[in-house]
Amino acid sequence: MISNDTELAATLERIRRLQDQLALLRKVESNPVNYRLSSSGFISEVDRMQLEVHEYLSAPAETAPVG
């Protein structure tokens, strides 16, 4: 679960790196069955992290009390 903007930035970077790996795998794996088998874990992880990002960004920011 993402709890602050630093963790958000790290999660977004991990998503980008996994997407880059998927793009490369898509270029080099010519067998569709092998691609699906190889990519499914990456895709599941990207989906999971994107859900965390969505949940974090959907919640209002907590603000420090004034006074």
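At the start of helix α2, a side-chain oxygen of Asn31 comes to within 2.8 Å of the backbone nitrogen of Val33. The model is predicted: local features need pLDDT of at least 70, side-chain atom pairs count only at pLDDT 80 or more, and totals for chains, interfaces and linings use all residues. Residues are numbered from 1 along each chain as its sequence is written, and side-chain values use heavy atoms, leaving out hydrogens and water.

**Helix α2**
- Helices are DSSP runs (H or I, at least four residues), numbered from the N terminus.
- α2 has 27 residues and spans 36 Å from first C-alpha to last. That is close to the expected 39 Å (1.5 Å times one less than the number of residues).
- α2 bends by about 40° at Ser39; the bend is the angle between axes fitted to the seven residues ending there and the seven starting there.

**Burial and packing**
- Ser39 counts as buried because its relative accessibility is 3% (buried means under 20% relative accessible area, with a 1.4 Å probe and protein chains only).
- Ser39 touches Leu22 and Leu25, not counting residues up to four places away in sequence; contact means heavy atoms within 4.5 Å.
- Tyr35, Ser39, Val46, Met49, Glu52 and Val53 are the buried residues of α2. They pack against α1.

**Nonpolar core**
- The largest nonpolar core holds 7 residues: Ile2, Leu8, Ile15, Leu18, Val46, Met49 and Val53. Such a core is a set of buried Ala, Val, Leu, Ile, Met, Phe, Trp, Tyr and Cys residues joined through side-chain atoms within 4.5 Å.
- α1 (5-28) and α2 (32-58) are the elements giving two or more residues to this core.
- Val46 touches Ile15, Leu18 and Gln19, leaving aside residues up to four places away in sequence.

Conventions:
Buried < 20%, exposed > 50% of the residue type's maximum accessible area, 1.4 Å probe, protein only. Polar contact = N/O pair within 3.5 Å; in protein donor to acceptor, adjacent residues only side chain to side chain.
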